[in-house]
Amino acid sequence: MVPVLHGYWRSGTSYRTRIGLELKGLAYEQAPVDLRTGAQRSEAFLRLNPQGLAPALEIDGLVLTQSMAILEYLDEAYPEPPLLPPGAAARAQVRAMADVVACGIPPLNNLRLLKAIKELGVQDQAGQNAWAGRWINAGFEALERLIGQHGSGWCWGEAPTIADCCLIPQVYSARRFEVDLEPYPLIRAIDLRAAAHPAFQAAHPDRQPDADQ
Ligand SMILES: N[C@@H](CCC(=O)N[C@@H](CS)C(=O)NCC(=O)O)C(=O)O
């Protein structure tokens with residue numbers, strides 16, 4: 001059976017999963033989960049992911065959740081091309097760069113967090129942008145330095161890794177929250193390279209079947 005990705009076009013975690021699938025050259029179908037209408041909390045979706053968060057991936061007779069676990073599964077089950085370099089030290093460095101995004105940014109500014117700070121009084125878009133931008137800038141400042149140490153065209157080395165799978169959706173999100181990307185020339189260069197790469201192009205939110213027209 002062809003893999004089925006349950007995700008949402010503009011969700012960063014769905015976007016990073018799509019990049020992984022595309023880089024591996026795996027054909028897959030999509031089952032959109034409209035986060036705006038709360039479809040992630042429907043009984044049907046909770047059966048796939050009891051946490052009620054996108055994405056979930058049906059693959060190889062399994063239902064996988066958590067985008068980083070999914071990317072690691074794809075890399076183990078479908079080794080070519082690798083999304084992690086060989087060697088324990090290099091792999092730890094790449095995972096650390098991916099986690100700067102995965103653990104340090106969306107958990108502080110995803111949909112349910114933004115709803116929560118709205119309930120606490122941050123109602124206007126400028127306030128929401130400032131909140132989201134604060135955590136995006138904190139992560140990007142760290143990543144810019146790490147790319148300076150390890151990057152050679154991509155976040156780590158000369159080929160895309162799970163760190164790039166995380167970075168590119170985060171740059172897309174940064175633009176939505178009107179974050180100034182000027183201070184991050186290395187991140188912008190990777191974003192440009194990704195914009196010309198077929199796998200990253202195919203995974204772009206605007207190219208998804210549920211994208212707003
Ligand atoms: N750690 C999870 C996070 C998943 C997550 O936060 N997904 C967001 C979209 S990017 C979501 O479904 N939000 C819906 C909500 O907050 O209700 C992963 O990496 O898969």
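Reply: Start with a term. A helix here is a DSSP run of H or I with at least four residues, and helices are numbered from the N terminus. Keep in mind that this is a predicted model.

Me: Which helices each supply at least two residues of the shell around the ligand?

Reply: They are α1 (12-23) and α6 (111-119). Of these, α1 gives the most to the shell, with three residues.

Me: Which residues come nearest to the ligand?

Reply: Out of 15 residues around the ligand, the nearest are Gln40, Ala54, Gln66, Ser67 and Arg112.

Me: What should I look for in polar contacts?

Reply: Look for a pair of N or O atoms within 3.5 Å. Gln66 puts a polar side-chain atom 2.6 Å from a nitrogen atom of the ligand. Ser67 has a polar side-chain atom 2.6 Å from an oxygen atom of the ligand. For Arg112, a polar backbone atom is 3.1 Å from a ligand oxygen atom.

Me: How much of the ligand's accessible area does the protein cover?

Reply: On its own, the ligand has 520 Å² of accessible area, and the protein covers 86% of that.

Me: Where does the ligand sit?

Reply: The ligand is in the largest pocket.

Me: How do I read phi and the peptide bonds?

Reply: Most residues other than glycine have a negative phi, and most peptide bonds are trans. Now look at Gln66. Its phi is positive, about 70 degrees, and Gln66 is not a glycine. Gln66 is placed in the loop between β4 (62-65) and α3.

Me: Which peptide bond is cis, with omega about 5 degrees?

Reply: The bond joining Ala54 and Pro55. Pro55 is in the loop between α2 (43-48) and β3 (56-59). The bond from Glu80 to Pro81 is also cis, and its omega is near -15 degrees. Pro81 belongs to the loop between α3 (67-77) and α4 (88-102).

Me: How do I read aromatic pairs?

Reply: A pair of aromatic rings is described by the distance of the centres and the angle of the planes. This structure has five aromatic pairs by the rule applied here. Take Trp131 and Trp135. Their ring centres are 5.5 Å apart and their planes are at 75 degrees, so the pair is edge-to-face. The cut-off for that label is over 60 degrees.

Me: Why are Trp131 and Trp135 separated by about one helical turn?

Reply: Because Trp131 and Trp135 are four residues apart in helix α7 (residues 125-150).

Terms used: Residues numbered from 1 in each chain as written. Predicted model: local features only at pLDDT ≥ 70, side-chain atom pairs only at ≥ 80, totals over all residues. Heavy atoms only, no water. Near = heavy atom within 4 Å. Polar contact = N/O pair within 3.5 Å; in protein donor to acceptor, adjacent residues only side chain to side chain. Areas by Shrake-Rupley, 256 points an atom, 1.4 Å probe, with all protein chains shown as cover. 1 Å grid on protein atoms, 1.4 Å probe; cavity = no way out; pocket = protein on both sides within 12 Å on 5 of 7 lines; lining within 4 Å. Sits in = over half its atoms within 2 Å of the grid points. Phe/Tyr/Trp six-rings, centres within 6.5 Å; stacked < 30°, edge-to-face > 60°.
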